[in-house]
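Hello,

Here is the structure I promised to hand over. Please have a look, then read my notes below.

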Amino acid sequence: MLMLLFNDLLLFFFQVYTYKQRSLTHQKVTPMPPTSTDGLEDMAALIDLHEGAIMYNLFQRYQQDKIYTYIGSIVASVNPYKTIPGLYDQSTIEHYSRHHLGEISPHIFAIANECYRCLWKRHDNQCVLIRYFE
């Protein structure tokens, strides 16, 4: 069983079932597609889009210290409970200020830069929702 601590909430998924080998069928067991097991930067590209696939993708990226993941133009973040070197330094800010949303790996700076760009260049009003789950 795989357990994941997600914002102080312990989640269990991939519930364990016991079957006799003769009774296993394709309907009971389906392998996860390889693209879903590597940790995608944008979960909109997940082949199997369901809660287990989303949580497993976040878990895979979390293990690689990639705490930000896109869901289309939305960014999801998992609290790393540690300092990740280079995640918020000046060179990272400058790197994201030179790219549009989705051109490089997910980051909160990409969202901030896109909001600023839309506000300044297109004169579009912007709203950013930050939600913390306990």
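Helix 3 and helix 4 are oblique to each other, because their crossing angle is not under 35 degrees (roughly parallel), over 145 (roughly antiparallel) or 65 to 115 (roughly perpendicular). Their axes cross at roughly 50° and come within 9 Å. Axes here are lines fitted to C-alpha atoms over the stretch in contact, with angles from 0 to 180 degrees between N-to-C directions. Helices are DSSP runs (H or I, at least four residues), as are strands (E, at least two), numbered from the N terminus.

The model is predicted: local features need pLDDT of at least 70, side-chain atom pairs pLDDT 80 or more, while totals for chains, interfaces and linings use all residues. Residues are numbered from 1 along each chain, and side-chain values use heavy atoms, without hydrogens and water.

On the helix 3 side, Thr92, Ile93, Tyr96 and Ser97 make the contact (heavy atoms within 4.5 Å). They meet Phe109, Ala110, Asn113 and Arg117 of helix 4.

There are 2 aromatic pairs. Rings of Phe, Tyr and Trp (its six-membered ring) pair with centres within 6.5 Å; planes under 30 degrees apart are stacked, over 60 edge-to-face, the rest tilted. Tyr88 and Phe109 are edge-to-face, with centres 5.9 Å apart and planes at 75°. Tyr88 sits in the loop between strand 4 (74–77) and helix 3 (90–97), and Phe109 in helix 4 (residues 108–121), so the pair ties together parts 21 residues apart in sequence.

Tyr116 and Trp120 are stacked, at 6.3 Å and 5°. Both lie in helix 4, 4 residues apart.

Best wishes
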